[in-house]
Amino acid sequence: MNGEFRTCPDTGFKIHLPADRLIKWNAVTSVVFLLVGGLFGLGVALTRWPEVHLLPAEWFYLALTAHGLDALLVWIIFFEIALLYFASAVLLNSRLAGPKFAWLGYWLMLIGAAITNVAVLRGDSSVMFTSYVPMKAAPDFYLGIILFAVGALIGCFVFFATLYVAKKERTYEGSVPLVTFGALTAAIIAVFTIGAGAVILVPTLFWSMDYIASIDSVMYKVIWWGMGHSSQQINVAAHISCWYAIAAILFGAKPLSEKVSRTAFFLYILFLQLASAHHLLVEPGLSSEYKIFNTSYALYLAVLGSMIHGLTVPGAVEAAQRKKGFNKGLFEWLAKAPWGNPVFSGFAISVVSFGFLGGISGVMMGTEQLNLITHNTMYVPGHFHATVVTGTTLAFMALAYWLVPTLWQKELVLPGLAKWQPYLFGIGMSLAALFQMGAGTLGAPRRHWDMTFADATLGFDFPAGVYLMMGLNGVAAVIGSLGAAIFILNMVGTLLFGKPKVPAPAAPAPEEPVAAGPVSSYGSAGTMAVPGTFVLAMIFLTAFVLYYFVNWNYLASVWGLS
Amino acid sequence: MAEQAPGAEEPVPMMQQLLDSPFLLLLIGVALPTVLYIIWGVMEVVAIPVAQ
């Protein structure tokens, strides 16, 4: 058994070699699909830039379908499977349970993603990521997604089995580390997500093959969003685990309170998936009780979980920094943080953008009345670009800057560009999200090739600000794409051409290897003296309340009932 | 691994027992949204009268 492990010279982790290989393959594959999805995304953004309007209509809907599929699902799920194996086998010092099943899962995911991509590229399945019935794609479009989902489900159960093996073989004591618990939360949401997907996509596959006469469109939406939105909730749990991992790795930070952070993840397990209902808020067939319970009453408990993480993650960093002596004023701990290290800058921008842009806009949209202002407008992609792109993707990129050189034991090929990459990508995509939300607030429709309605019998004139914001969205998306390209270049270049890491002979041994630190252990910081974080939290709450109020006011002005 | 070590005879709190049980959490995390979101939603769709 010992021959199946290696000890990481940087971190001290004892890594099971089959887990090592699977983490690497899943991570590399994810980056390839990020490239594909990103290219299609750039095509979409340049088409929605009114002055550029790059792609013809057929290509636009094809690109939009492929972008949604590859960027929202394939890149992220492959990376999350790598994270699940890291958070179980590596952090728990354990062997990975059933590597052969894990490989089966990997190949099913890869083949499934390839099949669906081919179906989309063929041009007969431009039904967009949501594939609402009665729009019909080719059977292999649905088949590919089903295979991909089955593969991901196998990956989740390999993770659960590894937790069982680690506990049984006593590779850790007490409770699992917080990062592993966050990964467990993501895996649980993934099982629900994939189950919901199977329930609706299997009959849809038969419908596309003409074995079933019809599928009710509202029924499809209800069940499909159990998969479609919950798949993005997997991301939330996973990238918050990344935040805790990065805080622990870079600063040796322990959560302010393990119990509170775990309870916040537990709130996710209970309630986060219910947010799916905010896609149904204008459906006439569903009652207000169903909509409001799922999106407001219960979802607010999950929002409470997010706000706890939003406080405890920077709070953990502040506590660790203050312990090192950065005590001057409210923000010396933040000013002296390693802003030139892409692991930290990516993490910091991810926390801020996810909270301020993605979080607040999500709660606003999840309110039944306010949803009327923005439903099916550009506001929606604005919201999820803030959550999935600047929240999840940037957090994954930040972790990759640590994970890839550590696992492969190679130096980054472009360390200078890496310092700038999180700023280019994070700020570019944050601005893109902001401009999309601005255009959406003024009524710009989403998923529309030509919002000027040039050929429509009944035209519509948007305010000039809409065109300005869609143009600025295009510029911001180009900047963000440049950041994404640098990341991909750096990762692929490091794998192919990176120089092997050579430990400096005079370098002192780290005081505490990462493997023995808070990332793989249970324990709290033992202090709540984080005044800088509380000030930041108050700024966040003020912005939240003001934005919420402004939107109610806006609703009153656009919806004149009196 | 560092701080948790409760005394051997000290009972583990119920909430911690729950959070230390991945399969119980899996059951809860799948059952709750299935009932509140999927089943409730499907029942509402099924209850829509069919057009005559």
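**Cavities**

I took a cavity as a set of points on a 1 Å grid over the protein atoms alone where a 1.4 Å probe fits but cannot get out, with lining residues having an atom within 4 Å of a point. The volume is the space filled by probe spheres set on the points, which are joined across faces, edges and corners.

I note that this is a predicted model, in which local features need pLDDT of at least 70 and side-chain atom pairs pLDDT 80 or more, while totals for chains, interfaces and linings use all residues. Residues are numbered from 1 along each chain as its sequence is written, chains are lettered from A and ligands numbered from 1 in written order, and side-chain values use heavy atoms, without hydrogens or water.

Of the 28 residues lining the largest cavity, I recorded A:Ile77, A:Glu80, A:Ile81, A:Ala190 and A:Ile234 as the closest to its centre. The largest share of this lining, eight residues, comes from α2(A).

I then turned to the second largest cavity, with a volume of about 60 Å³. Its lining includes A:Tyr244, A:Lys254 and A:Glu258.

**Interface**

I found 29 residues of chain B in contact (heavy atoms within 4.5 Å) with 44 residues of chain A. I counted zero salt bridges between chain B and chain A, a salt bridge being a side-chain nitrogen of Lys or Arg within 4 Å of a carboxyl oxygen of Asp or Glu.

Terms used: 1 Å grid on protein atoms, 1.4 Å probe; cavity = no way out; pocket = protein on both sides within 12 Å on 5 of 7 lines; lining within 4 Å. Helix = DSSP H or I, 4+ residues; strand = E, 2+ residues; numbered from the N terminus.
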